[in-house]
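Visitor: I have a model on the screen and would like to learn to read it. Where do we begin?

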Amino acid sequence: MAAPGENLKIDGSRLWESLMEMAEIGPGVAGGNNRQTLTDADAEGRALFQSWCEAAGMTMGLDTMGNMFARREGTDPDALPVYVGSHLDTQPTGGKYDGVLGVLGGLEIVRSLNDLGIKTKHPIVVTNWTNEEGTRFAPAMLSSGVFAGMHAQDWAESREDAKGLKFGEELDRIGWRGDEPVGERKMHAFFELHIEQGPILEVEEKDVGVVTHGQGLSWTQVTVTGKESHTGSTPMPMRKNAGLGMARILELVEEIAWSHKPDAVGAAGHIDIYPNSRNVIPGKAVFTVDFRSPDLSVIKDMEERLDAGAKKICDDMGLQIELEKVGGFDPVEFDAQCVTAVRNAAERLGYSHRDIVSGAGHDACWINRVAPTAMVMCPCVDGLSHNEAEEISPEWAAAGANVLFHAVVETAEIVE
């Protein structure tokens with residue numbers, strides 16, 4: 001198929017203005033956004049997106065999980081569409097770009113094609129996936145997961161937020177449930193543009209990340225049980241300190257992750273100590289070990305070494321231990337042809353780039369199970385995301401969107 005000419009580029013200023021206008025909906029308290037899924041702010045952001053899509057000549061589809069599909073027709077009515085998009089929902093203290101760049105970057109592709117009078121054989125569909133963040137209704141990537149057959153829809157709709165409100169009821173309340181059955185759409189390919197959410201591209205001064213894999217994830221909840229006793233009057237040889245056992249296990253986690261550098265990572269982010277009193281030796285520690293790697297065999301090795309090593313630590317200290325796997329998914333390898341389209345686009349446009357592994361989960365990780373998929377990443381300042389201080393430059397946004405533009409249009413096939 002013919003590649004777009006290197007002079008074909010999106011309107012970077014218009015993309016940036018759209019990002020800033022969307023950021024006015026659901027403002028945070030420190031310059032970012034609080035536009036959590038299925039809130040009134042989410043409904044307002046959806047309406048703005050739909051108005052922009054309709055102004056660009058697209059028709060909007062809406063499924064029963066609230067996923068939005070804005071379609072620009074192709075010249076071949078039988079050709080499967082090329083999909084492009086991400087999500088509009090944010091964290092409670094979210095930035096202005098996480099997810100939103102991918103949705104509005106897709107919209108900018110269509111606007112630019114309209115400006116240039118370019119037609120494609122395949123239709124192009126710009127997508128907003130519902131509840132990617134998972135911060136209000138766990139888990140993350142909920143609706144793309146239903147689309148890809150990873151979750152049952154009844155189960156997804158029964159998810160509750162901290163106030164006991166159900167996903168399905170809130171979707172109805174804001175008026176964004178469609179009639180289209182979830183997952184029936186067939187895709188020629190799917191592309192997602194996203195900020196890196198990590199520091200690698202900025203540190204290495206790369207314009208673009210070509211995402212080849214998504215890390216697999218393993219969560220193991222560890223419960224260490226000792227004996228609560230007085231910190232002042234219990235002799236050192238007679239203590240059963242669950243907190244100390246946890247500390248030694250966390251050192252083991254660090255050692256295991258380092259042994260599989262540079263792509264594997266590991267840490268414990270959720271930690272509870274009981275009774276959490278200044279003068280009581282902890283009798284119980286509950287924490288979740290988060291291991292990630294793009295290699296499934298590495299994840300299995302990390303799990304096995306944690307299991308054996310943690311049990312030995314506790315046996316040696318006279319502590320009890322329970323390990324329970326509480327979450328995870330296998331690594332993702334994105335479609336080779338789609339990845340090549342992204343890499344070739346970066347080279348054609350003269351952008352510095354490198355292959356990169358996504359450390360975070362994205363809707364593309366689920367869609368990859370049902371359609372050829374790839375991702376494009378742009379740098380973000382200090383690698384900061386899920387934070388109102390999240391920042392990118394207009395130049396980074398334009399570079400990522402231009403690469404997305406070329407990859408999508410090449411895959412959708414320009415009609416001469």
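Guide: Begin with the inventory. The protein chain has 12 helices and 17 strands. Its radius of gyration is 23 Å, close to the 22 Å that the globule rule gives for 416 residues, so the chain is as compact as a globular protein of that length. Keep in mind that this is a predicted model.

Visitor: What does the C-alpha trace span along its principal axes?

Guide: About 85 × 45 × 40 Å.

Visitor: What percentage of the 416 residues is buried?

Guide: Buried residues make up 55% of them. The cut-off is under 20% relative accessible area.

Visitor: How do I read contacts along the sequence?

Guide: Take contacts between residues at least 6 apart in sequence. In this chain, 80% of them join residues at least 24 apart.

Visitor: And charges? How far apart are the mean positions of the positive and negative ones?

Guide: They are 5 Å apart. The count is 36 positive and 65 negative charges.

Visitor: Which way does strand 6 run relative to strand 16?

Guide: Parallel. Strand 6, residues 189-195, is joined to strand 16 by six bridges. To find your place, look for F191, which stands opposite A374 of strand 16.

Visitor: How many bridges pair strand 7 with strand 16?

Guide: Three, and this pairing is antiparallel. Strand 7 covers residues 208-214. Here the landmark is V210, whose bridge partner in strand 16 is V376.

Visitor: What does V326 touch, leaving out residues up to four places away in sequence?

Guide: W219, Q221 and T288. V326 and G216 are 110 residues apart in sequence, and their C-alpha atoms are 14 Å apart.

Visitor: What should I look for in the backbone itself?

Guide: Look for exceptions. Most residues other than glycine have a negative phi, and most peptide bonds are trans.

Visitor: Where are cis peptide bonds found here?

Guide: One joins A138 and P139, with omega at about 5°. P139 is in the loop between strand 5 (124-128) and helix 4 (142-147). Another runs from K261 to P262, with omega near 10°. P262 is in the loop between helix 8 (242-258) and strand 10 (265-274).

Visitor: Which residues other than glycine have a positive phi?

Guide: Among them is N131, with phi near 60°. N131 is also in the loop between strand 5 and helix 4. At 1% relative accessibility, N131 counts as buried. Q197 is another case, with a phi of about 65°. Find Q197 in the loop between strand 6 and helix 7 (200-203).

Visitor: Why does Q197 count as buried?

Guide: Because its relative accessibility is 19%, and buried means under 20%.

Conventions. Residues numbered from 1 in each chain as written. Predicted model: local features only at pLDDT ≥ 70, side-chain atom pairs only at ≥ 80, totals over all residues. Heavy atoms only, no water. Pairing = 2+ DSSP bridges. Helix = DSSP H or I, 4+ residues; strand = E, 2+ residues; numbered from the N terminus. Rg over C-alpha atoms; globule rule 2.2 N^0.38 Å. Buried < 20%, exposed > 50% of the residue type's maximum accessible area, 1.4 Å probe, protein only. Contact = heavy atoms within 4.5 Å. Lys, Arg positive; Asp, Glu negative; His and termini not counted. Charge placed at Lys NZ, Arg CZ, Asp CG, Glu CD.
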